[in-house]
Amino acid sequence: MFKRRHFIVFVACLIGLPLFSQTTVTGDSCIDCHKSEDFLVTDKKLYDYFQDWRASIHGQEDIVCVDCHGGNAKAKDKEAAHVSRMSPDSKSRSVDFQNIPDTCGTCHDDLLQAYIKSNHYQHLTKKDADRRGPNCVTCHGSLNSRKLNVNTVAEVCEQCHNEESENAPEIPNKAMVLLNDLNTISGYRRFIERRDPVESKLFLRNLDRNLGELSTTWHLFDIEKIETSTSQLLKEVKSKRKAVLKKSIPKK
Ligand code: HEC
Ligand code: HEC
Ligand code: HEC
Ligand code: HEC
Ligand code: HEC
């Protein structure tokens with residue numbers, strides 16, 4: 001999915017170019033200017049945005065400002081750098097609410113394709129103000145993009161799924177249970193990898209593929225589908241763990 005970047009890293013390694021760490025990236029004027037410590041005093045919010053990005057998985061993976069915002073990262077001057085971004089009230093800005101899925105989807109395409117099929121997306125684009133659907137950033141944040149887990153998911157879903165809204169109030173709890181199961185699967189996966197790395201190689205490879213598919217399934221936001229896939233994977237990984245456990249107990 002991220003071939004371009006992986007290719008750049010690969011080539012850089014091949015020809016022995018040093019790969020700069022985030023703080024020393026040069027030649028990207030967005031970063032060179034936005035990272036300035038001066039903003040700590042003059043524009044604290046702007047400073048915080050940059051720190052959020054830098055600490056995020058995107059910052060660490062070298063996904064830079066222009067990947068989401070556009071603009072000219074070669075221009076040193078602010079106006080010139082910002083130039084190809086549209087005016088703040090233009091509907092065509094890449095980070096405007098309705099355009100966010102496509103912007104994120106340039107890299108997370110499988111998830112975007114699933115999300116587009118969801119009820120959530122219908123409610124995002126239909127613009128019904130009282131039942132607005134969530135966007136990628138509603139659930140994951142933008143500059144500080146992060147995954148959801150068993151501890152954080154309920155709070156996110158509860159924004160809209162609660163008793164007062166009468167919009168499927170059982171959802172937050174169901175989501176929590178499902179991400180808890182996902183945690184258990186990951187735990188068992190680690191156990192199998194540690195105890196039986198060689199003979200379980202194929203099993204683990206299949207499991208990882210299925211986990212990737214489960215992430216895609218999540219973005220359809222069809223609870224029954226997610227439940228079915230999750231319990232299937234949990235069953236498989238549980239029985240594999242049992243087999244590995246049995247194998248590693250020496251026979252008398
Ligand atoms: C020379 C400094 C400088 C450069 C270069 C620069 N910025 Fe900015 N940027 C700023 C400042 C200062 C602000 C605060 C608002 C303002 O003064 O316009 C800002 C605001 C922003 C904003 C929020 C406001 C808005 O209009 O949406 C975004 C997004 C942004 N910059 C992205 C970028 C991107 C992407 C690049 C590179 C293509 C970039 N900046 C290059 C200094 C810079
Ligand atoms: C993964 C995509 C992504 C990356 C990378 C990213 N941004 Fe953003 N950024 C967004 C989105 C989406 C929003 C709009 C937030 C919202 O609507 O909640 C945003 C909002 C902002 C804002 C707030 C003002 C505004 O226009 O809403 C600033 C300032 C900003 N980004 C600057 C930057 C800078 C500087 C970089 C690089 C250091 C950067 N961003 C990297 C996606 C990104
Ligand atoms: C230019 C490519 C690119 C764009 C655009 C992009 N991402 Fe990412 N994203 C990545 C890469 C690379 C990773 C790290 C590898 C991975 O975990 O898949 C990542 C990771 C993530 C993760 C964390 C996954 C984890 O394993 O922790 C989330 C959540 C995420 N992105 C959400 C978003 C959102 C939301 C947007 C839009 C605002 C967005 N991304 C835009 C490339 C991109
Ligand atoms: C209603 C909330 C919600 C929305 C909207 C949403 N996601 Fe997610 N996303 C989740 C949940 C829950 C998970 C956790 C499932 C998992 O870990 O696989 C997740 C997982 C992810 C991951 C990690 C996948 C992995 O392989 O580990 C990425 C990346 C991601 N989402 C990106 C996106 C993008 C891009 C969009 C918009 C097109 C989006 N999400 C919309 C809730 C949401
Ligand atoms: C910004 C508001 C918002 C957030 C946040 C949100 N949803 Fe939704 N969700 C909706 C709307 C609106 C609907 C459509 C309800 C309808 O059609 O009447 C919906 C529908 C659903 C449905 C289908 C329910 C059904 O009965 O058909 C599921 C499943 C779902 N959401 C899961 C989630 C999960 C899981 C989260 C948290 C990770 C979440 N949602 C967060 C607004 C939201």
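Q: Axes are lines fitted to C-alpha atoms, for helices over the stretch in contact, and angles run from 0 to 180 degrees between N-to-C directions. At roughly what angle do the axes of helix 14 and helix 15 cross?
A: This is a predicted model, in which local features need pLDDT of at least 70, side-chain atom pairs count only at pLDDT 80 or more, and totals for chains, interfaces and linings use all residues. Residues are numbered from 1 along each chain as its sequence is written, while chains are lettered from A and ligands numbered from 1 in the order in which they are written. Helix 14 spans 201–218 and helix 15 spans residues 223–248 (helices are DSSP runs of H or I, at least four residues, numbered from the N terminus). Their axes come within 10 Å and cross at roughly 165°.

Q: Are helix 14 and helix 15 roughly parallel or roughly antiparallel?
A: The contact (C-beta atoms, placed from the backbone, within 7 Å) is made by F203, L207, N210, L214, T217 and W218 of helix 14 with K225, I226, S229, T230, L233, V237 and K240 of helix 15. Angles under 35 degrees count as roughly parallel and those over 145 as roughly antiparallel. With a crossing of roughly 165°, the two helices are therefore roughly antiparallel.

Q: How many charged residues does the contact of helix 13 with helix 15 have?
A: Asp, Glu, Lys and Arg count as charged, Ala, Val, Leu, Ile, Met, Phe, Trp, Tyr, Cys and Pro as nonpolar, and the others, Gly among them, as polar. This contact includes K174, D181, R189 and R195 of helix 13, together with E227, K238, K240 and R241 of helix 15. Its residues divide into 12 nonpolar, 3 polar and, for the charged class, 8.

Q: Which two domains does ligand 3 lie between?
A: The shell around ligand 3 has 20 residues (C-beta within 6 Å), the closest being D67, C104, C107, C136 and S145. Helix 5 (57–60), helix 6 (65–69), helix 8 and helix 11 each supply at least two of the shell residues. The domain bounds come from an automatic or database assignment. Since both give residues to the shell, ligand 3 lies between domain 1 (26–85) and domain 2 (95–139).

Q: How many charged residues are in the shell around ligand 4?
A: Ligand 4 is surrounded by 22 residues, with C104, H108, C136, C139 and S215 the closest. By class, the shell has 12 nonpolar residues, 9 polar and, as charged, 1.

Q: Which two domains does ligand 5 lie between?
A: Of the 21 residues around ligand 5, R131, P134, C157, C160 and A175 come nearest. The elements giving two or more residues include helix 12 (153–158) and helix 13. Because both give residues to the shell, ligand 5 lies between domain 2 (95–139) and domain 3 (171–248).

Note on methods. Angles under 35 degrees count as roughly parallel, over 145 as roughly antiparallel, 65 to 115 as roughly perpendicular and the rest as oblique. Two residues are in contact if their C-beta atoms, placed from the backbone, lie within 7 Å.
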